Amino acid sequence: MASAAASSTSAVAGGSNKGAAIATGSALWNRVPKANAELFALTYGALVTEVLRDFGDDINAVNEQLDKMGHSMGVRCVDEYLAKLSTAAPPCSKFLDTAEVLAKSAFKMFLGITADVVIHEGTEGKEDSYSLIMTDNPLAIFVELPDQYQSPAGEGQPLLEYNSLYCGLIRGALEMLNMRVECKFVKSTLRGDDVNEIKVALKEVVAEGAGAEYQEE
Amino acid sequence: MTSAAAPNQSLFLVIVGKNEPLYEAEFLKRGAAPSSDAVTRQNYFVLHSGLDLVENVAWTTNQMFLKVVDKVNHQQVSTFLTAGNIKFMLLHGGKNEDSIKNFFQEVYELYVKVSMNPFYRYDTPITSSSFDARVRAVARRYLL
């Protein structure tokens, strides 16, 4: 009963939540130092191609590396985000609350863009998830994937996920909020889709407190 | 020779790197048949012989657009030398200098875009099909 009441209040708050998130986003954007967008995109491009060169044809390993880098950035970014907030953070008590905050505030603060949110309420046996839809992708402004990365070489072959970093970032950031999520690019403008869509699905809410590996004897 | 009877219908663009051509395209007038093998080969020959002249002219000006560097019969070779020492060479049968300049300027912008792509390495052949399509669109606008 209590949980039903809680979820209905947060649903009501959803509308104003979005407006607040947009306002926080632009406030944060004004406060953070800016980098040249081209330099930023080229640096990431150089990074991706360097990783590609290091790992040769092992596309899975490349994707994983990019995701890992994103993850370790994400766990820090969330702290910076909370530190720079001038007002108290809108509470992200539920997983779905993080969608607007990510899309409208955090993306704005770190990337200067906002994303649209599509929420997929979890049904019986299916976890909650949402999609972040971006029309611009500041990481990939000059990128045109060569043919061999555009489509899989064969059945079941992995695809280079140029934007893996985003997935890692979101995964890392939400991990710090005790949410273990799975994050995946389902649409990418680099592959000819008209938008970029990142799907974020909640896997597990990690219990508060230190993990088993940190417990004292 | 038959050169006077057959004014050059097509234009030929080659982007030349340090050691090899990086990109080439032939722009045809609407309805014109592609050049025969012999003509294509002759085009290559003319452009190739123009390369040395480009190096000479490059030191005489501080412009990137080097105008017409070579003339063979009715054919002229206009060249644009980018800051990265990549040469755009256009073989044509006497065209308005301004339109060629505009054409080169736009191709240069397209080239810069390609070279900003992290998957493109400097001085390697350009295989991007969208680059090809855009260059052809620019050629249609200024040259045909």
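Let's start with one pairing: Phe12(B) stands opposite Leu91(B), a residue of β5(B). That spot belongs to a predicted model, where local features need pLDDT of at least 70, side-chain atom pairs count only at pLDDT 80 or more, and totals for chains, interfaces and linings use all residues. Residues are numbered from 1 along each chain as its sequence is written, chains are lettered from A and ligands numbered from 1 in the order in which they are written, and side-chain values use heavy atoms, with hydrogens and water left out.

- β1(B) covers residues 11-16, and six of its six residues are buried; buried means under 20% relative accessible area, exposed over 50%, and partly exposed in between, using a 1.4 Å probe and protein chains only.
- Leu11(B), Leu13(B) and Ile15(B) point one way from the strand, while Phe12(B), Val14(B) and Val16(B) point the other way.
- On one pairing, β1(B) runs antiparallel to β2(B), residues 21-27, over six bridges; two strands count as paired if DSSP finds at least two bridges between them.
- A hairpin of four residues links β1(B) to β2(B), and Phe12(B) stands opposite Glu26(B) in β2(B).
- β1(B) also pairs with β5(B), residues 87-92, through five bridges, again antiparallel.

**Chain A at a glance**

- Chain A has six helices and four strands; these are DSSP runs numbered from the N terminus, with helices being H or I of at least four residues and strands E of at least two.
- Reading from the N terminus, the order is α-α-α-α-β-β-α-α-β-β.
- Of the 217 residues in chain A, 40% are buried.
- Take the contacts in chain A between residues at least 6 apart in sequence: 65% of them join residues at least 24 apart, a contact being heavy atoms within 4.5 Å.
- Chain A exposes about 12200 Å², and carbon and sulfur atoms supply 53% of that; accessible areas come from the Shrake-Rupley method with a 1.4 Å probe, and for residues only the protein chains shown count as cover.

**Cysteines**

- Over all chains, the structure holds zero disulfides, a disulfide being a pair of cysteine sulfur atoms within 2.5 Å.
- Cys183(A) is in no disulfide, and its nearest cysteine sulfur, that of Cys167(A), is 4.1 Å away.
- Cys183(A) is buried, with a relative accessible area of 13%.
- Cys77(A) is buried too, with a relative accessible area of 18%.
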